[in-house]
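Colleague: I am new to this structure and would like to know what stands behind the words used for it. Could you show it and take my questions in turn?

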Amino acid sequence: MRAGRRHGGLPRALVGLGLVLALVGAAAGCSGGGDKKTNGLEGLAPAEVGSRAVTTLRTAPGVHLSGSVTSPGGDAPADYDLVLSPTTTRGTVEEYGQQTQLVKIKADTYVRRARSYYTATGDSAAADLLADRWVRLAAADAAKYSYFTLNGFSDSLRSYLVGLAGKVEQEKVDGERAVRVRASDGTTFEVANTGPAYPLRITLAGDSTTRLRLADFRTPDAATAPSSPIDLSSIG
């Protein structure tokens, strides 16, 4: 009888051991291998997801920001294509149907615009002097671009967080795991669900609708001040 129990018990032990090993292997496959671990955003409240995204963005070494703003009134949309770092901004802003080249270095803001920009905005008197020239803006004019800094843009998003509610949805953005949180007015934050909680796509609803895409969260190439700008910074 003892021999029979020994003979019958050994296979059951091996089966049990095999099951344990299989479960361990499956767990290892989930935590490593082909799929990355999440950063835990899927388990947070929607407003906390948004808050994490804004905080993480504010401390990023840099970001490529692109997008547009459209108005129900039919005004010409504003389009952005900018590279932001903690101290610099460079790229283009389209407004009034015209493009502005923009460089910001700390407190200094430089723009270059075609003659058509000045005539479209009714400032034809400035066209002869400023058209197609780099201009260092006076403080009052530079203030309209204060939003276009890494800190300024990040901080401007905070007022939209309070409306985020409901379900945290998991999805993919450009093949990468992400979560989506929404507000009842149509505001949406889509945030990386692996690694740093960077916002990847943002829709901001209100009197106008802003749709933004964020990518390349790394230190950008250095921005340099334009040579020989027309200096209006001492005015106003």
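Modeller: Start with pLDDT, which is the predictor's confidence in each residue, from 0 to 100. Contact means heavy atoms within 4.5 Å. This is a predicted model, in which local features need pLDDT of at least 70, side-chain atom pairs count only at pLDDT 80 or more, and totals for chains, interfaces and linings use all residues. Residues are numbered from 1 along each chain as its sequence is written, and side-chain values use heavy atoms, with hydrogens and water left out.

Colleague: Over which residues does pLDDT stay under 50?

Modeller: Over residues 1-34, for which the model has two contacts beyond four places in sequence. Where pLDDT is low, the predicted coordinates should not be read in detail. For the protein as a whole, the mean pLDDT is 86, and 82% of the residues reach 70 or more.

Colleague: How many helices and strands are there, and how do you know?

Modeller: There are six helices and twelve strands. Both are DSSP runs numbered from the N terminus: helices are H or I with at least four residues, strands are E with at least two.

Colleague: What makes β6 and β12 a pair?

Modeller: Two strands pair if DSSP finds at least two bridges between them. Strand β6 (residues 134-136) and β12 are joined by two bridges and run parallel, so they meet that definition. Arg136 has Asp231 in β12 as its bridge partner.

Colleague: Why are β7 and β12 called edge strands?

Modeller: The twelve strands form an open sheet with mixed pairing, in the order β7-β8-β9-β10-β11-β1-β2-β3-β4-β5-β6-β12. The strands β7 (164-173) and β12 (230-231) each pair on one side only.

Colleague: Which antiparallel pairs does β4 form?

Modeller: Strand β4 pairs with β3 (residues 88-95) over eight bridges in the antiparallel sense, and Thr89 stands opposite Lys104 in β4. Six bridges join β4 to β5, also antiparallel, with Thr100 opposite Arg113 in β5. The hairpin of β3 and β4 has two residues between the strands, and Tyr96 takes a positive phi near 55 degrees there.

Colleague: What makes the phi of Lys106 worth a remark?

Modeller: Phi of Lys106 is near 55 degrees, a positive value in a residue other than glycine. Most residues other than glycine have a negative phi. Lys106 lies in the loop between β4 (98-105) and β5 (108-113). Asp174, in the loop between β7 and β8, also has a positive phi, near 50 degrees.

Colleague: Why is Lys106 called exposed?

Modeller: Buried means under 20% relative accessible area, exposed over 50%, and partly exposed in between, with a 1.4 Å probe and protein chains only. Lys106 has a relative accessible area of 67%, so Lys106 is exposed. Asp174 is at 61% and therefore counts as exposed too. Of the 236 residues of the protein, 35% count as buried.

Colleague: What is meant by a nonpolar core?

Modeller: A set of buried Ala, Val, Leu, Ile, Met, Phe, Trp, Tyr and Cys residues joined through side-chain atoms within 4.5 Å. The largest one here has 49 residues, and Phe189 and Leu214 have the most contacts inside it. Leaving aside neighbours within four places in sequence, Phe189 is in contact with residues including Val54, Leu157, Tyr160, Val179 and Ile202. In soluble globular proteins, nonpolar side chains tend to be buried together.
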